[in-house]
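Here is a short report for a reader meeting this structure for the first time. Keep the sequence and the 3D view at hand while reading.

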Amino acid sequence: MKASNIRELSNAELTAKLADLKKELFNLRLSHATGQLNNPLALNNVKKDIARVKTVLREREQAAKV
């Protein structure tokens with residue numbers, strides 16, 4: 001997911017997306033621990049998406065303070 005796509009979402013949508021990504025990360029970690037994960041790079045991609053969403057939320061929070 002690109003940052004430009006993330007910036008188009010509302011705060012409520014971003015919060016929901018963050019929850020979905022965290023669930024996905026949990027499931028990927030579980031699959032990895034049991035040896036059933038086909039694509040180990042999926043872990044890194046989900047972590048980066050979580051970071052992007054958190055960054056956009058934080059930027060909006062800082063902009064609201066000013």
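Leaving aside its neighbours within four places in sequence, which residues is Val 46 in contact with? The contacts are Leu 21, Glu 24, Leu 25 and Leu 28. The model is a predicted one.

**The helix pair**

Two packed helices are described by the angle between their axes and the distance between the axes. Here the axes of α2 and α3 come within 9 Å. They cross at roughly 155°. An angle over 145 degrees counts as roughly antiparallel, so α2 is roughly antiparallel to α3. The crossing of α2 past α3 is left-handed.

From α2 come Asn 11, Leu 14, Lys 17, Leu 18, Leu 21, Lys 22, Glu 24, Leu 25, Leu 28, Arg 29 and His 32. From α3 come Ala 42, Leu 43, Val 46, Lys 47, Asp 49, Ile 50, Val 53, Lys 54, Val 56, Leu 57 and Arg 60. By type, the residues of the contact of α2 with α3 are 12 nonpolar, two polar and eight charged.

**The core**

In soluble globular proteins, nonpolar side chains tend to be buried together. The largest nonpolar core of this model has 13 residues. Within this core, Leu 28, Val 46, Ile 50 and Val 53 touch the most other members. The largest share, six residues, comes from α3.

Leu 21 is in helix α2, and Leu 43 is in helix α3. Are they buried or exposed? Leu 21 has 4% relative accessibility and counts as buried. Leu 43 is also buried, with a relative accessible area of 12%. Buried means under 20% relative accessible area, so both values qualify.

| Pair | Apart in sequence | C-alpha to C-alpha |
|---|---|---|
| Leu 21 and Lys 47 | 26 residues | 8.2 Å |
| Leu 43 and Arg 29 | 14 residues | 7.4 Å |

What does Leu 21 contact, leaving aside its neighbours within four places in sequence? The residues are Val 46, Asp 49, Ile 50 and Val 53. Leu 43 touches Leu 25, Leu 28, Arg 29, His 32 and Leu 37, not counting residues up to four places away in sequence.

Note on methods
Residues are numbered from 1 along each chain as its sequence is written. This is a predicted model: local features need pLDDT of at least 70, side-chain atom pairs count only at pLDDT 80 or more; totals for chains, interfaces and linings use all residues. Side-chain values use heavy atoms; hydrogens and water are left out. A nonpolar core is a set of buried Ala, Val, Leu, Ile, Met, Phe, Trp, Tyr and Cys residues joined through side-chain atoms within 4.5 Å. Buried means under 20% relative accessible area, exposed over 50%, partly exposed in between (1.4 Å probe, protein chains only). Helices (H or I, at least four residues) and strands (E, at least two) are DSSP runs, numbered from the N terminus. Contact means heavy atoms within 4.5 Å. Axes are lines fitted to C-alpha atoms, for helices over the stretch in contact, and angles run from 0 to 180 degrees between N-to-C directions. Angles under 35 degrees count as roughly parallel, over 145 as roughly antiparallel, 65 to 115 as roughly perpendicular and the rest as oblique. A crossing is left-handed if the near helix is turned anticlockwise from the far one by less than a right angle, and right-handed if clockwise. Ala, Val, Leu, Ile, Met, Phe, Trp, Tyr, Cys and Pro count as nonpolar, Asp, Glu, Lys and Arg as charged, and the others, Gly among them, as polar.
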